[in-house]
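Reader: I have a two-chain model open. How should I read its features, one at a time?

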Amino acid sequence: MPLVKNGKISDDAFVHVADDAPLPPDGAILISAARFLEDPEAISRRLGKTGVVWPNNRDVDDLVPYLDRLAAVALVFPTFRDGRAYSQARLLRERFLYHGELRATGQVLRDQFVFMLRAGFDAFEVRKQADAEVFAQTAKRYSVFYQPTGDGRVTALNRRMQLRHSESAGL
Amino acid sequence: MYAYDELDRTLINERVSEFRDQVKRRLSGELTEDEFKMLRLQNGVYLQLHAYMFRVAIPYGTLSSRQLRQLAHVARRYDRGYGHFTTRQNIQFNWIKLAELPDALADLAEVGIHAMQTSGNNTRNVTSDQWAGVAPGEIEDPRIWSEILRQYTTLHPEFSFLPRKFKFAITASAHDRAAIKIHDIGLRLHKNAQGETGFEVMVGGGLGRTPFIAKTIRPFVHGSDLLSYVEAIMRVYNQYGRRDNIYKARIKILVHELGIERFAQEVEEEWRQIRDGALKLDDSVVEEIRSRFTYPAYEKLAHMPDELRKAAHDPHFEGWRRNSVFPHKMTGYAIVTLSLKPVGGPPGDATADQMDALADLADKYSFGEIRVGHEQNLALPHVARRDLPTLWKALDKIGLATPNVNLVSDIIACPGLDYCSLANARSIPIAQELTRRFSNHDTANLIGRLHINISGCINACGHHHVGHIGILGVEKNGEEFYQITIGGRADENAQLGSLVGPAVPYAEVADVIEDIVEAYLALRANPDELFVDSVKRLGVEPFRERVYATR
């Protein structure tokens, strides 16, 4: 499954480690929330970065105390129709000011890229090679946004207000 | 009317080109039907019994004549020459071809019409009072806020994959014509002691197989906090609404299971953290939206012009005027409701020719504006009273002057088994038969205000629970049966109806309804007591006795 990061297909620095597999002594790993929460201290002492796959039916509040030691949080779309991870992503980015990698996993398809970007995701385990290949142009499908999120894109309302101010200033 | 600016236009054009690409990928097999289904639903496209059905949004029920002509064009060019107005200020086309949908959407986008989120598990078309901006006594025009909500809910990056569909309705009048209490979020605009605009927010209303009347979650949310409060509700719902069972996924079930107090606490907790953030609506922002609405330049006119005085001698005109013409906030003007319930016709249908002719009449007599109400009727919102006699003749010619507004034959009905893949039973032929039984307008006037609502299945698109008389089609051993309820209402005193007796087969429905109406005529305290008030006073029992005694 191709990983898209920084807008293009990239090598995955993280290794998915199953719950019953031994942890490698070093290197970046992506492990389940359950495994991480069993002993966060021990895992954090490992050499190498830690990433956690956080389920979409558990409050991110439980992860918040550990955010500063995580290099990646992977949120899950069991199907693309299950949108809980959008709320989790916005909370992590906008409320808890998480700055590490925020990865979308599961049924990640082309037609949700813009929503995911707006919610704060910056890494994507894309289901289909063809979708991953058109990531950059798909991300530019929309140029107008009605809602403010933490992604910094200027909303339509704000653009209108700016326009109005520059008009009234005679610019 | 709200006028799109360059940004609004850009967004819907971007949406059309995205959908064109999605259809192309579906037709080439690149997208599976499972993947495509949600994408087409989010653009208003259902797969029905015979063909794709295409549902187009008419936000808060306002249309310009130019937009109505374009709907007529779509009906003619891509469909079979007619459209069906729904109970949620949408219009549906029943015979559209998938490959032509992107072109139809592009044609609509030219006049600022879209089909975004008219189905799917996202926020649906924001609906409002069809008399918004013209009703006497209205606190302020709720369409400003409806448009703010329309923009806020369109392509929301967090709430486009909710547990289930999500519907807003908003009113600013004491009499609720928008049925806000049967919506996921109902908003009643009012002012606080300081004279500031805000909303009573109601949550968790809805019909379907588990009907609920919405409960008040907060009596006053300041206008500037409207979006942050709504976002808090939606965030709680997106995270905790049930996703294990489609029939328990609406917010009404979450509200019911948690209880309104606990649900309100969750929302309050979330809101506390976002209310002073980017969603705050400054006055200047609200004014910016308000400035994009244009209002007619009304003339100073007499309340009782000569034209009207003369026409009063014509009993046909008078019958129509008394039934279909309503007071306007401006002296000398009137709101005219156009019944889409002709005798023997399917409720809510209009032909392309009718739409074109009506667009011309709107230009001539109503400042180019048309409204669509949840009762599946249309309205001309700014008619000079002196023009009423001429307008009436013109409307009569195109079959839009049936004087049965709010009467027994003004029936709300879903498409039912004639079109819909979910239906268990037919709705339209029941409605047609009832309009024939009650085709005498004098009798109908004697009966007075009486709303009949028909749904062809438990999903309740015909809002049968809140009909004064509700008719629900069910399937029993392979046959169509109908459950009948009485005493429901959808207004500010919203209430669910009660079953009047056992379900009856298709052939007996009209007889039973006639018997219920006769029972009412015999039981009412006086001719001014409406059907629904008689039921409230007497309960169901006397009706059950009279209607079912001989069955």
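Author: Start with burial. A residue is buried if 20 or more other C-beta atoms lie within 10 Å of its own. It is exposed if 12 or fewer do. Keep in mind that this is a predicted model.

Reader: Then take α6(B). How many of its residues are buried?

Author: 14 of the 15 residues of α6(B) are buried, so the helix is mostly covered.

Reader: Which residues touch the most other members of the largest nonpolar core?

Author: A nonpolar core is a set of buried nonpolar residues joined through C-beta atoms within 7 Å. Here the largest one has 163 residues, and Ile233(B) and Ile516(B) touch the most other members. Helix α6 of chain B, residues 226-240, gives the most to this core, with nine residues.

Reader: Which residues does Ile233(B) touch?

Author: Leave out residues up to four places away in sequence. Ile233(B) then touches Ile185(B), Val203(B) and Val267(B). There is also a second, separate core, of 41 residues. Among its members are Val4(A), Tyr98(A), Phe115(A) and Phe124(A).

Reader: Now a helix against its surroundings. Which residues of α14(B) are buried?

Author: Helix α14 of chain B covers residues 428-437. Its buried residues are Ile428(B), Ile430(B), Ala431(B), Gln432(B), Leu434(B) and Thr435(B). They pack against β16 (412-413), β17 (452-455), β18 (469-476) and α16 (509-523) of chain B.

Reader: And the opposite case. Is Thr550(B) buried or exposed?

Author: Count the neighbours. Thr550(B) has 6 C-beta neighbours inside 10 Å, so it counts as exposed. Thr550(B) sits in the segment after α18 (541-548) of chain B. From Thr550(B) to Ser146(B) is 404 residues in sequence and 50 Å in space, C-alpha to C-alpha.

Reader: On to strands. In what sense do β4(B) and β13(B) pair?

Author: Bridges settle that. Strands β4 (residues 82-85) and β13 (residues 349-351) of chain B pair in the antiparallel sense, over three bridges. Asp349(B) in β13(B) is the bridge partner of His84(B).

Reader: How many bridges join β4(B) to β5(B)?

Author: Two bridges join β4(B) to strand β5 (residues 90-96) of chain B, and the pair runs antiparallel. In β5(B), Ile91(B) is the bridge partner of Phe85(B). The hairpin of β4(B) and β5(B) has four residues between the strands. In this hairpin, Gln89(B) takes a positive phi near 55 degrees.

Reader: Zoom out. What radius of gyration does chain B have?

Author: Compare it with a globule rule. With 551 residues, a compact globule would have a radius of gyration near 24 Å. Chain B has 23 Å, which agrees. Along its principal axes, the C-alpha trace of chain B spans about 60 × 60 × 55 Å. Chain B holds 18 helices and 21 strands. Of its 551 residues, 55% count as buried. Take contacts in chain B between residues at least 6 apart in sequence: 68% join residues at least 24 apart.

Reader: Last, the interface. How many residues of chain A are in contact with chain B?

Author: 27 residues of chain A are in contact with 30 residues of chain B. On the chain A side, α3 (84-95), α4 (113-119) and α7 (156-168) give two or more residues each. α7(A) gives the most, with six residues. The chain A side divides into eleven nonpolar, five polar and eleven charged residues.

Methods: Residues numbered from 1 in each chain as written. Chains lettered and ligands numbered in written order. Predicted model: local features only at pLDDT ≥ 70, side-chain atom pairs only at ≥ 80, totals over all residues. Contact = placed C-beta atoms within 7 Å. Nonpolar A, V, L, I, M, F, W, Y, C, P; charged D, E, K, R; others polar. Rg over C-alpha atoms; globule rule 2.2 N^0.38 Å. Pairing = 2+ DSSP bridges.
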